[in-house]
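Me: I have a two-chain model open and want to go through it by question and answer. Can you take me through it?

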Amino acid sequence: MTANTGPLREGTGADGRPARAGRRSLVKRLTPPRKPPRSSKQGRPAAVGHARETGDRRLGYMLVAPVVILLLAITAYPLIYNVWNAFHFDNLSYGNLPHNFVGWKNFTTMFDSPQWVSALERTLVFTVVTIVFDMAVGMALALMMHRRFRGRGFLRASILVPWAMPTVVSAVLWKTMFDPSAGFVDYILGAFHPAWSSLAWLNISVWRSWVAIFIADSWKNIPFVAILLLAGLQVIPNDVYEAARMDGASAWQSFTRVTLPMLKPAISVALIFRTLQALLVFDVIYIMTDGGPGNSTESLSFQNYNTFIINTDFGLGGAMAIILVLLALAVSFVYVRVFRPST
Amino acid sequence: MTSAVADDVPVPAVAHRAASRRRRFTTGKIVKETLFYLAVVIVVLIALFPFFWVLRTSLLSNSQISAGVGGANGIIPSHLSGAAYKDVFTNTSFSFLDPLLNSLIVSLATTVVTIIVASMAGYALARLRIRGAGAILGFILLAGFFPVLAMIGPLFLVLRYLGWLNSIWPLIIVYLVYTLPIATWLLKNFFEQIPAELEDASLVDGATRLQTLRKVVIPVALPAVFTAAILSFILAWNDFTFAVSFLTSTSHFTAPLAITTFGQSQYQTFYNLIDAAVVIISIPIALLVLFAQRRIVSGLTAGSFR
């Protein structure tokens, strides 16, 4: 670890800069308002209190250090390493060739590759469709779970189970469901139309492969959206609804005029989480289609994995990784701007 | 004080119950209620039916599966057998037991490290008024959003250099990127709600901060610690990306990675084998969710806004 401290320190600065603007307001919104500092009312002599204060602060840094160092080592250090790699030749499959500086070559290779460009398009379309669908369904589920009724606990547990499962489970589950002979989907579709009883979904038809991936991914991730929104619903005080009802608002009006505006923080958190997940979709695809048919279901993350681990091209992979990080940062930044508290 | 763990806010309960008693049962109401319950049933079915289907498939033979659904192999087949479960542990090129143990070891170790590191940091951020606490919290949050796929290349090179590829131990460190952000935030939020007087009594008696943290704060915060532990365990247990990138030999696989190698031959997928493995790996998580549903829900949300 000691060898890493050099790049690590640099990491704080370089990593911090592009993020800082977006970070501050996000934190402000997610952090509960700071409590007024505890005064030394306990009748303790002021000098002792002061000594404890400085001692506390030193201890504080020691206690926080492990988290910061560990997280810097797992995130900032790889990021810096990627930046370095992206401008150098570094491919293990060429043996021990020197890691020469290559300028922007890795980036031009990436932007000139039709494979990568179509993966970018696919990933963006997938992300947009996913967040629209998942937010709408997640909201419906949250409203459902918010109602008091018999069996609400059971409903919640059932909704939570898909979220808690490994992605591998949801992917294999739906791979089984969509299989022409082992699966349930074709069986039930066959009841409507005989020709639908043996549809091949995965790795045969491009759009049906995407539908299957989309369903498996949403099935696992909508619950998380729903639970974040539910938590938002629960902190809306009831008298706001009372007031709206007194003023003669319909159910729809009170949803759009009261619920949605008051749910803004919850919605923004859910949107950030869900968009980043969708943008970085990888394991569902790896398990369900392995990128096929052809490479028509390869996402950005999938190609990044292939470039890093299968082709061991860490220069090109580094360039791809930088784009991924920039995309993720851009998304967080845009959301934080759009959803800034309106006051 | 316990509002971080009490998951639903029961303030309007009384008023609500009174209102519902007043409600008259008109035809419109009944139709509405029926539609609501119908929707609930549909949601529960969509959430749980795939599990039933996987359980069903895992209990079939290869010939039953390739015969397709219908006839004697209907939704509930007339003949079931547990052969696939035996095969998963004995008849394949490797036993599922190794990956299960690997996953258990890694997930438990990650959980322990997470709890120790996150409660230290959570306490410092909540109580010790260090400078730059906001920036540190922001960085921790941001690290949780970091694209995992962007890290694997450099981490692969580092592990290769250290000779640690194809070993489960480095996973304990990299899994912290999943667990530390949420655990630190959750514990920090909880520590903030513990009345300061509790600690002051102990501090005045001459205990050090660390003793107070261990003997007074942690015991009071046990519910939150427990929640953080459950979430950490689930997040570590569920990883696929790091495992598939760094592990190469089957005896070192984690359980989610091992699943993908079951039942795959060049021409055919044996769904009974792969689904038996899925059922096995799902059970611990399903039990956790059933027993700790409220904790998990409150933990997920406490990290984000409270």
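Me: Which helix of chain A has the lowest mean pLDDT?
Reply: Chain A has a mean pLDDT of 82, and 84% of its residues reach 70 or more. Among its elements, helix α4 (residues 114-146) has the highest mean, 95. The lowest mean, 39, belongs to helix α1 (residues 5-30) of chain A.

Me: Over which residues of chain A does pLDDT stay under 50?
Reply: Where pLDDT is low, the predicted coordinates should not be read in detail. The stretch in question still has 53 contacts beyond four places in sequence in the model. In chain A, pLDDT stays under 50 over residues 1-46.

Me: Over which residues of chain B is the pLDDT below 50?
Reply: Chain B has a mean pLDDT of 84, with 89% of its residues at 70 or more. Its stretch below 50 has 24 contacts in the model beyond near neighbours in sequence. That stretch is residues 1-14 of chain B.

Me: How many helices does the secondary structure of chain B come to?
Reply: Chain A has 14 helices and zero strands. Chain B also has zero strands. Its helix count is 16.

Me: What percentage of the residues in chain B is buried?
Reply: A residue is buried if 20 or more other C-beta atoms lie within 10 Å of its own. In chain A, 42% of the 343 residues are buried. Chain B has 306 residues, and its buried share is 47%.

Me: Among contacts in chain B between residues at least 6 apart in sequence, what percentage joins residues at least 24 apart?
Reply: In chain A, contacts with a separation of 6 or more are 70% between residues 24 or more positions apart. For chain B, the share that joins residues at least 24 apart is 76%.

Me: Which helix gives the largest share of the side of chain B that touches chain A?
Reply: In the contact between chains, 91 residues of chain B meet 83 residues of chain A. The chain B side divides into 67 nonpolar, 17 polar and seven charged residues. Its largest share is 11 residues, from helix α15 (residues 271-291) of chain B.

Me: Are α13(A) and α7(B) roughly parallel or roughly antiparallel?
Reply: Helix α13 (residues 300-310) of chain A packs on helix α7 (residues 148-162) of chain B, with axes 9 Å apart. The angle is about 5°. Angles under 35 degrees count as roughly parallel. So α13(A) and α7(B) are roughly parallel.

Me: Which residues of α7(B) meet α13(A)?
Reply: The α13(A) side consists of A:S301, A:N304, A:Y305, A:F308 and A:I309. The contact residues divide into six nonpolar, three polar and no charged. On α7(B), the partners are B:L149, B:I152, B:G153 and B:F156.

Me: How far does α5(B) reach from its first C-alpha to its last?
Reply: Helix α5 (residues 97-127) of chain B has 31 residues. At 1.5 Å a residue, 45 Å is expected. B:R129, with a positive phi near 45°, follows this helix. The reach of α5(B) is 44 Å, close to the expected value.

Me: Is B:S232 buried or exposed?
Reply: B:S232 lies in helix α12 (residues 222-237) of chain B. Beyond its neighbours within four places in sequence, its contacts are B:T110, B:T111, B:T114, B:T179 and B:A183. There are 28 other C-beta atoms within 10 Å, so B:S232 is buried.

Me: What separates the C-alpha atoms of B:S93 and B:T261?
Reply: B:S93 is in the loop between α4 (83-89) and α5 of chain B. With 7 C-beta neighbours inside 10 Å, B:S93 counts as exposed. B:T261 is 168 residues apart from B:S93 along the chain, yet their C-alpha separation is 9.9 Å.

Me: What is the phi of A:D290?
Reply: Most residues other than glycine have a negative phi. A:D290 is not a glycine, but its phi is positive. A:D290 sits in the loop between α12 (283-288) and α13 of chain A, and counts as partly exposed with 14 C-beta neighbours inside 10 Å. Its phi is about 55°.

Technical notes. Residues numbered from 1 in each chain as written. Chains lettered and ligands numbered in written order. Predicted model: local features only at pLDDT ≥ 70, side-chain atom pairs only at ≥ 80, totals over all residues. Axes fitted to C-alpha atoms, helices over the stretch in contact; angles between N-to-C directions. Helix = DSSP H or I, 4+ residues; strand = E, 2+ residues; numbered from the N terminus. Parallel < 35°, antiparallel > 145°, perpendicular 65-115°, else oblique. Contact = placed C-beta atoms within 7 Å. Nonpolar A, V, L, I, M, F, W, Y, C, P; charged D, E, K, R; others polar. Buried ≥ 20, exposed ≤ 12 C-beta atoms within 10 Å, placed from the backbone. Expected span 1.5 Å × (residues − 1). pLDDT = per-residue confidence, 0-100.
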